[in-house]
Amino acid sequence: MRKGSDFLIYFSLLTFFSCSGIKNEGPQLFFEKSTVDFGLVNPGQTLEFVFDFFNKGTDTLKIRDIKASCGCVILSSAKQKIPANGMDVIKGQIKVKDSMNIANNIQTIAIRTNESGDKIHLLKISYKVKM
């Protein structure tokens, strides 16, 4: 009978804490927007983008790694550590080459942080090249 009452206590506590509105501990990365669409662009054009982000968590957010899916994406580094309730930006540019695909071009940026589970966030930049 002891196992049944232990389970009931555990389940009751779990339900209480998950429904009580207690804020999650730790860092929490939040982006205002995670996609930029430039539409139709000219060959040779330079596309500049900015992604604003916030740490809405209770601990310092650590940016462990930022990688672009293509060598055509040039990134300026964000701060490595963002305090709770702090903000920063990820800036970059893409030099549109004549040899790029005429159809939809999609580049991604992966940001690895110290959030629970070594989380990875993806940002997307899309455009079509005029011919």
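These questions and answers cover the salt bridges of a predicted model.

Visitor: How many salt bridges does the structure hold?
Guide: Side chains of opposite charge can pair when their charged atoms come close. Here the cut-off is a Lys or Arg side-chain nitrogen within 4 Å of an Asp or Glu carboxyl oxygen. The number of salt bridges in the structure is 3.

Visitor: Which residues are linked in a network of salt bridges?
Guide: Asp-118 meets Arg-64 at 2.6 Å, N to O. Asp-118 also meets Arg-112, at 3.2 Å. The network therefore joins Arg-64, Arg-112 and Asp-118.

Visitor: How many residues apart in sequence are the parts that Asp-118 and Arg-64 tie together?
Guide: The two side chains meet in a salt bridge. Asp-118 sits in the loop between β8 (104-113) and β9 (120-129), and Arg-64 in strand β4 (residues 61-68), so the pair ties together parts whose separation in sequence is 54 residues.

Visitor: Is Arg-112 buried or partly exposed?
Guide: Buried means under 20% relative accessible area, and exposed means over 50%. Arg-112 has 28% relative accessibility. Its salt-bridge partner Asp-118 has a relative accessible area of 34% and is partly exposed. At its own value, Arg-112 also counts as partly exposed.

Visitor: What is the distance between the closest N and O atoms of Lys-67 and Asp-65?
Guide: Lys-67 counts as exposed, at 52% relative accessibility. Asp-65 is partly exposed, at 27%. The cut-off for a salt bridge is within 4 Å. Lys-67 and Asp-65 form one, with their closest N and O atoms apart by 3.8 Å.

Notes:
Residues are numbered from 1 along each chain as its sequence is written. This is a predicted model: local features need pLDDT of at least 70, side-chain atom pairs count only at pLDDT 80 or more; totals for chains, interfaces and linings use all residues. Side-chain values use heavy atoms; hydrogens and water are left out. Helices (H or I, at least four residues) and strands (E, at least two) are DSSP runs, numbered from the N terminus. Buried means under 20% relative accessible area, exposed over 50%, partly exposed in between (1.4 Å probe, protein chains only).
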